[in-house]
Amino acid sequence: IYIGNNTYINGGELVAGKNSKITIGDNCLISYNIHFRTITHKYDKSDVLIREQGCIERDIVIGNNVWIGYGTQVLGGVVIGDNSIIGAGSIVTKNIPDNEVWAGVPAKFIKKR
């Protein structure tokens, strides 16, 4: 887990697997009760127990000057671009371009900054 200069994280969970990483850029504001996790279960085979199918690990990258609101979850494989804002309570399941505001479950584009 890499946290850039002048970045503030209020509290929550940052969970990176042994084969993945979380990178957070400079000057970010990250609120309380956040959850970033690079690991998820495989579940493709209906005839095999989920716990026996292993896991998938994918990096999470948060750009510079990003504001992430209270209770947000960021899933593995996501890149959040520079200067973006994620609204409180969002679940981020896909990449977010630079300079955009996204919110919701799953997070959706709200507007450009």
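# Exercises on strand pairing, ring geometry and cysteines

S15 and strand S16 (residues 108-112) run antiparallel and are joined by 4 bridges. Strands are DSSP runs of E with at least two residues, numbered from the N terminus, and two strands pair if DSSP finds at least two bridges between them. The model is predicted: local features need pLDDT of at least 70, side-chain atom pairs count only at pLDDT 80 or more, and totals for chains, interfaces and linings use all residues. Residues are numbered from 1 along each chain as its sequence is written, and side-chain values use heavy atoms, with hydrogens and water left out.

**Exercise 1.** Describe the strand partners of S15 and the hairpin of S15 and S16.

Step 1. On the S16 side, glutamate 100 stands opposite lysine 112.

Step 2. The hairpin has 4 residues between its strands, and glycine 104 takes a positive phi near 115°.

Step 3. Strand S15 (residues 100-103) is also joined to strand S13 (residues 85-86) by 2 bridges, and this pairing is parallel. Here isoleucine 85 has valine 101 as its bridge partner in S15.

**Exercise 2.** Find the aromatic pair of the structure and classify its geometry.

Step 1. Rings of Phe, Tyr and Trp (its six-membered ring) pair if their centres lie within 6.5 Å; planes under 30 degrees apart count as stacked, over 60 as edge-to-face and the rest as tilted.

Step 2. Searching the whole structure gives 1 aromatic pair. Tryptophan 102 and phenylalanine 109 have ring centres 6.4 Å apart and planes at 80°, so the pair is edge-to-face.

Step 3. For accessibility, buried means under 20% relative accessible area, exposed over 50%, and partly exposed in between (1.4 Å probe, protein chains only). Tryptophan 102 is buried because its relative accessibility is 8%, whereas phenylalanine 109, at 42%, is partly exposed.

**Exercise 3.** Count the disulfides and assign accessibility classes to cysteine 28 and cysteine 55.

Step 1. A disulfide is a pair of cysteine sulfur atoms within 2.5 Å. By this rule there are 0 disulfides.

Step 2. Cysteine 28 has a relative accessible area of 0% and is therefore buried. Cysteine 55, at 43%, is partly exposed.
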